[in-house]
Structure formats: structure tokens, C-alpha cells
Amino acid sequence: MIPEYSDCALLVIDMQDKLLGVIPDDVRDALVDNVGILIDLVKDQGGSVFYTEQNPAKLGGTTAVLAEKLKNAIRVEKMSFSCLADSTFCDRVCPHIPQTLIIVGVEAHICVLMTALDIIDEDEDEEIAIFVPVDGVASRKKLNWENAILQLSNVGVITTNTETLVYQAIEEAGTDLFRKYSKRLK
């Protein structure tokens with residue numbers, strides 16, 4: 001139930017301004033902050049970061065604050081809702097999915113859910129532990145977000161939150177990582 005940070009990756013799904021623009025302001029602002037924290041955390045732990053953009057020709061690119069953090073990550077443009085339905089994603093990312101995968105992004109009840117379900121379906125040996133922080137995913141409507149979280153929990157995805165993931169990674173107070181992240185979580 002705790003991520004194996006020595007073999008971990010973060011998948012950031014479709015954090016684009018046009019998609020974020022329809023999410024309630026308070027939810028959107030917290031979501032962007034939390035995704036930014038998790039990008040930094042996984043990088044600090046030596047993990048890989050992948051991200052997708054849904055139809056960027058029409059929906060634009062990743063929101064600027066996150067795009068800066070993602071500049072060295074593997075990026076995949078997609079048209080499909082599930083990342084695994086995209087051949088480029090399957091070629092560039094799937095071979096590198098480690099033992100622990102944290103998934104964040106929008107929309108929780110569409111692209112995040114469908115991707116997680118497809119990863120579970122493809123992972124016949126159940127080698128991948130999927131973590132979804134409930135405050136690291138969002139949907140336009142709260143009911144859709146709640147339903148996605150319920151479905152994810154019911155199929156074995158470990159639903160958690162950003163703060164728990166951070167403290168599970170840093171493990172103790174008094175370290176440089178503790179000082180770095182405890183300030184950001186307040």
C-alpha cells in the first residue's frame with residue numbers, strides 16, 4: 001500500500017489549459033499545485049515522469065507552470081481517451097512503466113479512469129501497483145470525479161492523496177526533503 005519509490009513513475013494526463021478551464025477554480029488551483037508537487041517528488045526520488053496532451057492542436061499544450069516542470073519528461077500527443085489506446089504511448093511509455101505508477105490529471109472519469117483500467121487489464125501478472133491521489137485528479141463535475149474514484153478503488157487502484165504520497169516518500173522529519181515539501185504542503 002506504500003509506493004516503491006525506488007521503482008516509480010508518474011503519469012500526468014492532459015493537464016491542458018482548455019481542459020483545466022472547465023474545472024471549478026478552487027479545485028483546479030489545488031490540482032495544479034498538487035501535480036506540481038508530485039512531479040518534483042518523483043524526480044527527487046529518481047523516478048520517471050511521462051505526460052500526455054489530448055489533441056493539442058485543438059486543446060493547446062500543458063498549462064505553463066507544469067510544462068516548465070515537465071520539459072525533460074516523455075511527452076505523448078494523443079487522440080484516444082485511454083493512453084493505452086495510443087500506439088505512440090504504447091511504444092514510448094509502456095515498456096518503461098515500473099512497479100509503481102502514480103497517475104494524475106484530467107478528466108478523472110474519462111482519460112484517467114480508462115487508462116488505469118487498461119493498465120490493469122494488460123498487467124496480467126499484477127506486477128504494477130497503481131496509485132491515484134484523489135486531489136491529483138479532477139473532473140468538471142464532482143459527481144463524475146467521485147464515481148471515478150469509486151471505480152478505481154473497486155478495481156484495486158490505491159486511492160490516496162498528495163500529502164500522504166509525499167510523507168511516504170520522505171519517511172522522516174528533519175531532512176532536506178522534509179523541509180522542501182513540508183513548506184509546500186501548508
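**Terms and model.** Buried means under 20% relative accessible area, exposed means over 50%, and partly exposed lies in between, with a 1.4 Å probe and protein chains only. Areas are computed by the Shrake-Rupley method with a 1.4 Å probe, and for residues only the protein chains shown count as cover. This is a predicted model, in which local features need pLDDT of at least 70 and side-chain atom pairs count only at pLDDT 80 or more, while totals for chains, interfaces and linings use all residues. Residues are numbered from 1 along each chain as its sequence is written, and side-chain values use heavy atoms, with hydrogens and water left out.

**View 1. A nonpolar surface patch includes Ile120**. Leu117, Ile120 and Val155 together make a patch of about 190 Å². Patches are built from residues with over 30% relative accessible area and no salt bridge; like charges are joined within 9 Å, and nonpolar side chains (Val, Leu, Ile, Met, Phe, Trp, Tyr) within 5 Å. Ile120 belongs to helix 6 (residues 108–122). With a relative accessible area of 32%, Ile120 is partly exposed. Helices (H or I, at least four residues) and strands (E, at least two) are DSSP runs, numbered from the N terminus.

**View 2. Asp40 and Lys69 form a salt bridge**. A salt bridge is a side-chain nitrogen of Lys or Arg within 4 Å of a carboxyl oxygen of Asp or Glu. Between Asp40 and Lys69 the N to O distance is 2.7 Å. Asp40 is in helix 2 (residues 25–44) and Lys69 in helix 4 (residues 64–69), so the pair ties together parts 29 residues apart in sequence. Asp40 is buried at 14% relative accessibility, whereas Lys69 is partly exposed at 21%.

**View 3. Arg75 is paired with Glu53 in a salt bridge**. Their closest N and O atoms are 2.7 Å apart. The pair links distant parts of the chain, since Arg75 lies in strand 3 (residues 74–78) and Glu53 in strand 2 (residues 48–54), 22 residues apart. Glu53 is buried, with a relative accessible area of 5%, while Arg75 is partly exposed at 31%.

**View 4. Glu68 and Lys71 form a salt bridge**. The closest N and O atoms of this pair are 2.9 Å apart. Glu68 is partly exposed at 48% relative accessibility, and Lys71 is exposed at 57%.

**View 5. Asp25, Arg28 and Asp29 make up one network**. The three residues are joined by salt bridges that share partners. By the salt-bridge rule, the count comes to 12.
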